[in-house]
Amino acid sequence: MNLNITGHHIEVTPAIREYVTGKLDRVLRHFDQVTSSHVILSVEKLQQKAEVTLHVKGKDIFADAIDADLYAAIDLVADKLDRQVVKHKEKVSDHTHDKRPQVE
């Protein structure tokens, strides 16, 4: 997976990079068909914002979160992504199976 982390008005330190990578690894445990991800960390006045876009086959999944603490915003966005990825995985797996009843 290609991971791109950028910061707007904030320096992306190795500690932040490692924290984001660890949180996104949790999302990838549910769905391994993520081709790339783009993370934007920004500061707007006293609010910290984290935005993540995951590129999967056939769809882009986006989530963002705002909090006073950057690490809390990263936690929130990881939880949102986790729910969205699980939902997308269920939709994809439901369409691959034939649900017609068998005639005997």
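## From a strand to a pair of helices

Lys49 lies in strand β3, which covers residues 47-56; helices (H or I, at least four residues) and strands (E, at least two) are DSSP runs, numbered from the N terminus. The model is predicted, and local features need pLDDT of at least 70, side-chain atom pairs count only at pLDDT 80 or more, while totals for chains, interfaces and linings use all residues. Residues are numbered from 1 along each chain as its sequence is written, and side-chain values use heavy atoms, with hydrogens and water left out.

Is Lys49 buried or exposed? With a relative accessible area of 15%, Lys49 is buried, since buried means under 20% relative accessible area, exposed over 50%, and partly exposed in between (1.4 Å probe, protein chains only). Leaving aside residues up to four places away in sequence, Lys49 touches Ile40, Leu41, Ser42, Glu44, Asp64, Ala65, Ile66 and Leu70, where contact means heavy atoms within 4.5 Å.

Arg26 and Asp79 meet through their side chains in a salt bridge of 2.7 Å, N to O, and since Arg26 lies in helix α1 and Asp79 in helix α2, the pair ties together parts that are 53 residues apart in sequence. Arg26 is partly exposed at 24%, and Asp79 is partly exposed at 32%.

Which residues form the aromatic pair? A search of the whole structure finds one such pair, and Tyr19 and Tyr71 form it, edge-to-face, at 4.8 Å centre to centre with 85 degrees between the planes. Tyr19 sits in helix α1 (residues 14-30) and Tyr71 in helix α2 (residues 70-96), so that the pair links distant parts of the chain, 52 residues apart. For such a pair, rings of Phe, Tyr and Trp (its six-membered ring) have centres within 6.5 Å, and planes under 30 degrees apart count as stacked, over 60 as edge-to-face and the rest as tilted. Tyr19 is partly exposed, at 26% relative accessible area, and Tyr71 is partly exposed at 32%.

Key:
Salt bridge = Lys/Arg side-chain N within 4 Å of Asp/Glu carboxyl O.
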